[in-house]
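Have the viewer open as you read.

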Amino acid sequence: MSLDACKRLAARSAADLAEPGMIVGLGTGSTAAFMVERLGERVAEGLDIKAIPTSNAIEALARSLNIPLTDFATHPVLDMAIDGADEVERGSLHLIKGLGGALLREKIVARAAKRFVVMVDFTKPVDRLGARTPVPVEVVPFGWQCTSVVLGQLGAKLISPRRGPNGDLAVTDNGNLILDCDFGPIKDVQELATRLDGAVGVVEHGLFPCMATDVVVATDREIEQWTP
């Protein structure tokens, strides 16, 4: 089974967990797009849900599929959020997210949800976070070079400002920048998350410790569902 086929299988399995009447947070990324497409199919078949997207791109996709949207003013608590991840730590289910650039909104949505379902293909589980993936850190544009120095003092071995296709600094939907920080394998995810939370200039980071309630993993043989 191809990687895209595994992503699609995980996405469809996660989307099928949504139940009538739910308020659902929609994640961002390639796997999330497959999930939104499946929810669009289910809505066309009569599923009654409302959704809050985590990015402008996913909002546009959801609207094109006639998925009803709502907002936090109307629904400050969500029944479920469904999203992908860039790494999932086996056992703890700690996550790295944000390679798609929507980590701030994704974390807001995940925190607001009673249930946070993460869907991944077989390449995403790791024994320790940071083994393969840098930690995206969203920072305010003003003084981002100073913030980069602070991130280095917190242990980042390599810090790369994210750039768009034209070579300019990439800007998030919130108007901020992203620094991709290589901390190497992370011994204490919660401790690093707390230290990043306290860094001046940091808006949010891609460490999601102890947040996933379910992880749907698609391999080339089966679907596995993990819980903490």
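In this predicted model, helices α1 and α2 pack with their axes 8 Å apart, at an angle of about 45 degrees. The crossing in which α1 passes α2 is right-handed.

**Where the two helices touch**
- On the α1 side, the contact is made by Asp4, Lys7, Arg8, Ala11, Arg12 and Ala15.
- On the α2 side, the residues in contact include Phe34, Met35 and Leu39, along with Glu37, Arg38, Glu41 and Arg42.
- Ser30 and Thr31 of α2 also take part in this contact.

**Helix α1 and its buried face**
- Helix α1 covers residues 3-15, 13 residues in total.
- From its first C-alpha to its last, α1 reaches 18 Å, close to the 18 Å expected at 1.5 Å a residue.
- Which residues of α1 are buried? They are Cys6, Lys7, Ala10, Ala11, Ala14 and Ala15.
- Viewed down the axis of α1, these buried residues fall within an arc of 165 degrees, so they line one face of the helix.
- As background, an α-helix has 3.6 residues a turn, so residues three or four places apart point the same way.
- The cover over the buried residues of α1 includes helix α2 (30-44) and the strands β3 (80-83), β6 (116-121), β13 (214-218) and β14 (223-226).

**The loop between β4 and β5**
- Gly91 sits in the loop between β4 (87-89) and β5 (95-96).
- Is Gly91 buried or exposed? Its relative accessibility is 60%, so Gly91 counts as exposed.
- Gly91 and Trp226 are 135 residues apart along the chain, yet their C-alpha atoms are separated by 8.6 Å.
- Leu93 also lies in the loop between β4 and β5.
- With a relative accessibility of 2%, Leu93 counts as buried.

- Most residues other than glycine have a negative phi.
- Leu93 is not a glycine, but its phi is positive, at about 65 degrees.
- Cys210, likewise a residue other than glycine, has a positive phi near 55 degrees.
- Where is Cys210 found? Its place is the loop between β12 (207-208) and β13.
- Cys210 has a relative accessible area of 58%, so it is exposed.

Note on methods. Residues are numbered from 1 along each chain as its sequence is written. This is a predicted model: local features need pLDDT of at least 70, side-chain atom pairs count only at pLDDT 80 or more; totals for chains, interfaces and linings use all residues. Side-chain values use heavy atoms; hydrogens and water are left out. Helices (H or I, at least four residues) and strands (E, at least two) are DSSP runs, numbered from the N terminus. The expected span of a helix is 1.5 Å times one less than its number of residues. Buried means under 20% relative accessible area, exposed over 50%, partly exposed in between (1.4 Å probe, protein chains only). The arc is that of the directions from the helix axis to the C-beta atoms. Contact means heavy atoms within 4.5 Å. Axes are lines fitted to C-alpha atoms, for helices over the stretch in contact, and angles run from 0 to 180 degrees between N-to-C directions. A crossing is left-handed if the near helix is turned anticlockwise from the far one by less than a right angle, and right-handed if clockwise.
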